[in-house]
2 protein chains.
Amino acid sequence: MRIAVLGGGVIGLSVAWRLADSGHRVELYDDDPGQGASHAGAGMLAPAGESWFGEDDLTRLGIAGLRQWPDFADRLEAASGVDVGLRREGSLLVGVDDADAATLDQVHDLLGRHGIEAERLTQRELRRIEPAATPGLRRSILLRGDLSVHNRRVVRALLTAADRAGVVVHRTRADLTDGGVAIRPTGDRAGATEPAAPRPADPRLNARPADVVVVAAGAELGAVGGLPDAVASAVRPVKGQILRLRTDPGLIEHTVRGLVRGDPAYVVPRADGELVVGATSEEQGHDVRVTADGVYELLRRGIALVPGLREAELVEAIARARPGTPDNVPLIGPIGDGVVVAAGHYRAGFLLAPITADAIAAYVDGRPAPEAVGCCDPDRFGFAPSRLMSGAANQPAGRKTGKAREAP
Amino acid sequence: MRIAVLGGGVIGLSVAWRLADSGHRVELYDDDPGQGASHAGAGMLAPAGESWFGEDDLTRLGIAGLRQWPDFADRLEAASGVDVGLRREGSLLVGVDDADAATLDQVHDLLGRHGIEAERLTQRELRRIEPAATPGLRRSILLRGDLSVHNRRVVRALLTAADRAGVVVHRTRADLTDGGVAIRPTGDRAGATEPAAPRPADPRLNARPADVVVVAAGAELGAVGGLPDAVASAVRPVKGQILRLRTDPGLIEHTVRGLVRGDPAYVVPRADGELVVGATSEEQGHDVRVTADGVYELLRRGIALVPGLREAELVEAIARARPGTPDNVPLIGPIGDGVVVAAGHYRAGFLLAPITADAIAAYVDGRPAPEAVGCCDPDRFGFAPSRLMSGAANQPAGRKTGKAREAP
């Protein structure tokens, strides 16, 4: 089938590579592939923790997503020749004060109910396996199954693998149309009443027919023309600021994450000495300026978990808009004849990229999607009067087949 | 006279402009003019404060330097056409806790003895004139006479004014030689046992004769070949990290500086909404990496003085090596026949640039230098066996004339 993918972040690229790899003709549209939220992500692959507490569906989805990663990383490295920096040391979930410890104990119980190995450490045990963690932490829980990857290497690997699998990347934005997509004229924003650039006389000049369109536009979902309102408006930008530090390799070996007197933070180590400290979550629309407050809070919290961060070089502070949804669960599935959505992954784009690609491939090929994706019905926030058609997408989540039409 | 100036920071440029303006033929050598410590400075023109306490000579020098600034700024703006951003709102010297207040009370007394107007404010008065200052500060002292300038505009103005006055700028480093200077081959560091690039067969090819050489190499003084050891080794690099933030203009109108539970900090406002937060002082050699600790401390202290900084955009974090001396007093004066030093200005390069240019012009032309510069004898840390000659420089400070020789 001819497939158009709108969006070249970790989700769009994973979907495009997967579909091309299974024989489809894939074209991907993004004006700057890999430079959105995927460029800023830490690459932490941790299905549950301080910030997901109580979100059962999402925890289950994350666990299923994590399970795919070792194999996904192997295939991606083989297909691209790029080392994606997969780390298997696991993560330490830590709390600074008694209230943090109490919260983490609840997380510990939740993880146990989901069958995740979570081991409470004594202070002596923590000192032995991660001596750079702050002394006197009130709780530390070792999650041996957590992974991490180097986000930018994953993106580079996906670009290479997709290219080798035959994906054609168009460095432009595109909107949905009847029967495919249309390249958006430069400077034109969908929904703008006054286009910045005049549309061409005949919009069909920009039309690209496709059998299936996969909308993977992340935080830009609302800017994609032709989407049903209920879907487009389900995703909002959530600003995240994040820091990249550099020190001698080996300051810490595990991802250290947790609560600093109620405030969440994480520090993800890379093999080369890079440390990623993240991340804020701010409702600031599409404003992605780095602020004094964001950097100060990240440094304060990071130093509270790993004091040795102070000596590290501060290499970069950046901000990006992540695609948030009302329930923090992504939108994955068909929304009508020939249109599939894969968006709204918020803080879990890397964790959920393999399972999302799996699910989208299943929808496209008419196979059942992984059961854990059942909670991701893109239509769950309301019926949209402007939806393209009332097809399979209205079936209950988890039982859809979403057979795409064969030809326009 | 033919004059060579080594170093194109605020000191070298001010000297070069001044000398060219009074009729000398001036050539300036710097591989990247204006991009050293002058690029990072805040431009605060404040002759005394929390960090100068007890340094009487330096306070007197600073007061004399400040007095020259309004006229210097006028002449510089007229000569260059560049607005240097001179601000006359004054500064607020503030302390967060009782110990800070006690220290500032001593500074207040010191300033009084030097005849500087320093007015203790009540909390209500502070709130009225600077509502964005943190509530509940234990001491605030208004220093109406303090000024500030936009450091990068001053550098730009000096480059333009120097150029218009006929200064020739060579974008290369140079060393002292008998009778002038010699251009240093690219990649070659004076004093290195193994030059990175081979020296030319005949070093005289690089020779540039000069009647007077002014060494204004700042923190790079030690790298200038041909200097007496006692002078070269009197200057050490002191790392300073500094932040540039951006917010709506008018968050604060005064420079706010002082002590945060013993830790010094300042916030300098610009007319366009830029805020400069500085500065660390670290003994790190020539390492000028921006560190997590530096940025964290600056943000922490800045926010403690002006909470509204949190909302500001963090535009830049940079570090530079400043030229420190053992007594924090610069080196200004002749060190031998035809060689004059103007270096070691540490944190006061902008404040002291006009008076330094005045003093150097006096030495070159054989006139008496400003009396306040008497403490700046470049030889005060010891006689150097390798000095070029034993001329006027050995006279007691403050009584030198330093007549330069007329021709080589």
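This is a short tour of a predicted model, stop by stop.

Residues are numbered from 1 along each chain as its sequence is written, and chains are lettered from A and ligands numbered from 1 in the order in which they are written. Local features need pLDDT of at least 70 and side-chain atom pairs count only at pLDDT 80 or more, while totals for chains, interfaces and linings use all residues; side-chain values use heavy atoms, with hydrogens and water left out.

**Stop 1: the interface of chains A and B**

Select both chains. In contact (heavy atoms within 4.5 Å) are 18 residues of chain A and 18 residues of chain B. The buried area, meaning the accessible area (1.4 Å probe) that two parts lose on being put together, summed over both, is about 1500 Å², with 64% from carbon and sulfur atoms. On the chain A side, A:Ala292, A:Tyr296 and A:Arg310 lose the most area to chain B, together 39% of what that side buries.

**Stop 2: H8 against H8**

Select residues 292–305 in each chain: these are helix H8 of chain A and helix H8 of chain B. Helices (H or I, at least four residues) and strands (E, at least two) are DSSP runs, numbered from the N terminus. The two axes lie 9 Å apart at an angle of about 120 degrees; axes are lines fitted to C-alpha atoms, for helices over the stretch in contact, and angles run from 0 to 180 degrees between N-to-C directions. That angle makes H8(A) oblique to H8(B), given that under 35 degrees counts as roughly parallel, over 145 as roughly antiparallel, 65 to 115 as roughly perpendicular and the rest as oblique.

Now show side chains. Among the residues that meet are A:Val295, A:Leu299 and A:Ile303 in H8(A) and B:Val295, B:Leu299 and B:Ile303 in H8(B).

**Stop 3: salt bridges**

A salt bridge here is a side-chain nitrogen of Lys or Arg within 4 Å of a carboxyl oxygen of Asp or Glu. Four are found across the interface of chain A and chain B. Select B:Glu297 and A:Arg310, which form a salt bridge with their closest N and O atoms 3.1 Å apart.

Next, select A:Arg2 and A:Asp211, a salt bridge with closest N and O atoms 3.6 Å apart. The pair links distant parts of the chain, 209 residues apart: A:Arg2 is in strand E1 (residues 2–6), and A:Asp211 is in the loop between strands E11 (207–209) and E12 (212–215).
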